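Q: I would like a close look at one part of this protein. Please describe its sheets and the residues placed around them in one connected account.

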Amino acid sequence: MKCPKCGHEQESDFECFSCGIIFEKYLKSKNEATEKSVFTEIATNSEVKSKNKVVIPAIVIFFLILFFSVKSLMFNNTENNEINITKASEEIREKKLNGIAQKLHEYKAPRNNIEESMLATVFIETPWGFGSGFFADEKCNIITNKHVVEFDDQKIKQLELQIDFLKTMTERHENQITRYKKDLEYQTAEDQVLIINKLINDTEQRLEILEKQLHIFEEKFNQVRFGTNFIDLKIILFDNSEYLIREVEISEKHDLALLRLDEENCPCLKVGSTDKTEIGSKVYTVGSPSGLTYTVTSGIISGIRKNEDEKYIQTDAPINPGNSGGPLLDSNGKVLGINTLKLVGVEGIGLAIPIETVMEEFNEVDFKLN
């Protein structure tokens with residue numbers, strides 16, 4: 001018999017004379033090992049299949065969750081965009097806005113009280129400068145300072161000086177061009193010809209600018225000097241639309257003026273109370289300092305002052321040229337006063353006329369109290 005372990009051949013079938021194994025025990029042990037191996041393989045294969053069955057649905061579920069999450073996110077983003085787009089129209093429906101108010105809210109949906117107040121603020125352009133004002137009621141009555149819209153001899157004199165200066169500069173440039181052209185007739189060197197031609201071209205460009213400026217100031221002067229006391233004043237709204245004002249009412253007692261715009265449904269400021277406003281309260285101004293339209297500055301109420309029976313709100317909020325006539329607002333966007341002047345040579349002291357004075361002066365205006 002051949003040994004199943006070492007291969008030794010012998011006649012005995014009980015025990016190997018070479019390696020000493022008992023044939024029956026060895027074979028039995030071998031068979032048990034083989035059976036165990038087979039069962040292990042079957043179990044392993046079953047486990048792998050079982051795991052695959054778990055993994056595949058898990059992957060499917062993961063991608064399904066991812067898909068719906070992305071879809072939900074896209075839907076939410078779309079929804080947010082739609083909310084942003086329709087915010088103005090919803091506000092218009094809620095407030096039942098139309099006319100100029102609707103137009104301005106469609107142009108810019110306000111996000112806070114101050115931004116909403118900006119829609120009711122106007123920029124005033126006159127032949128002699130700039131100023132500000134605000135809509136006091138839905139009938140499009142505008143409050144501003146008298147000195148913003150009323151011209152006087154001093155303003156006429158300033159326009160005359162500007163015109164004289166522009167005429168002098170224009171004449172100088174015309175004479176300079178004439179001299180350059182005369183010099184050009186005697187030049188033969190090519191490089192000198194090029195230089196003189198460039199000088200002529202540059203001077204002609206500057207002359208063109210001066211002539212345009214002169215024409216503008218001469219038109220302004222003719223309007224002021226030979227026109228009515230209140231020429232066409234240009235009103236510029238927050239959306240840059242322009243309107244002309246031809247009707248003006250001037251206060252005899254205060255630095256106030258009432259402009260009437262021939263339109264309807266204007267956004268207007270709510271009226272606050274200076275009596276209920278404490279010293280130190282935060283305030284805001286909206287105006288156009290140096291032509292920078294719709295600039296917002298802030299400060300506090302520094303005090304309440306009187307000068308020759310005229311009451312003023314003192315504030316350290318910057319009041320610069322172009323802010324005159326604009327509103328002084330509390331944190332709720334309610335108008336407390338009209339920015340009037342800044343003390344010359346002193347920083348941080350501006351004065352505003354209280355809104356109560358305006359209401360008393362122009363009692364025909366339908367001021368919005370709530």
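A: The account below takes up the open sheet, then the barrel, and then a helix residue.

This is a predicted model, in which local features need pLDDT of at least 70 and side-chain atom pairs count only at pLDDT 80 or more, while totals for chains, interfaces and linings use all residues. Residues are numbered from 1 along each chain as its sequence is written, and side-chain values use heavy atoms, with hydrogens and water left out.

Seven strands form an open sheet in the order β5-β4-β1-β2-β3-β7-β6, and their pairing is antiparallel. Here strands (E, at least two residues) and helices (H or I, at least four residues) are DSSP runs numbered from the N terminus, and two strands pair if DSSP finds at least two bridges between them. At the edges stand β5 (242-245) and β6 (247-250), each of which pairs on one side only. From one strand to the next the twist averages 30°; the axes behind such angles are lines fitted to C-alpha atoms, and angles run from 0 to 180 degrees between N-to-C directions.

Within this sheet, strand β1 (residues 121-126) runs antiparallel to strand β4 (residues 233-236), and three bridges join them. Glu125 has Lys234 as its bridge partner in β4.

Cys140 is found in the loop between β2 (129-135) and β3 (141-144), and its phi is near 75°, a positive value in a residue other than glycine. Cys140 counts as buried because its relative accessibility is 0%, where buried means under 20% relative accessible area, exposed over 50%, and partly exposed in between (1.4 Å probe, protein chains only). Asn240 lies in the loop between β4 and β5. Asn240 is not a glycine, yet its phi is positive, at about 70°. With a relative accessible area of 54%, Asn240 is exposed.

A further sheet closes into a barrel of six strands, in the order β8-β9-β10-β13-β12-β11, with antiparallel pairing. Six bridges pair strand β9 (residues 295-307) with strand β10 (residues 310-315) in the antiparallel sense, and Ile304 stands opposite Ile313 in β10.

Finally, Thr203 has its place in helix α6 (residues 190-226). Thr203 is buried, since its relative accessible area is 2%. Leaving aside residues up to four places away in sequence, Thr203 touches His173, Gln176, Ile177 and Tyr180, contact meaning heavy atoms within 4.5 Å.
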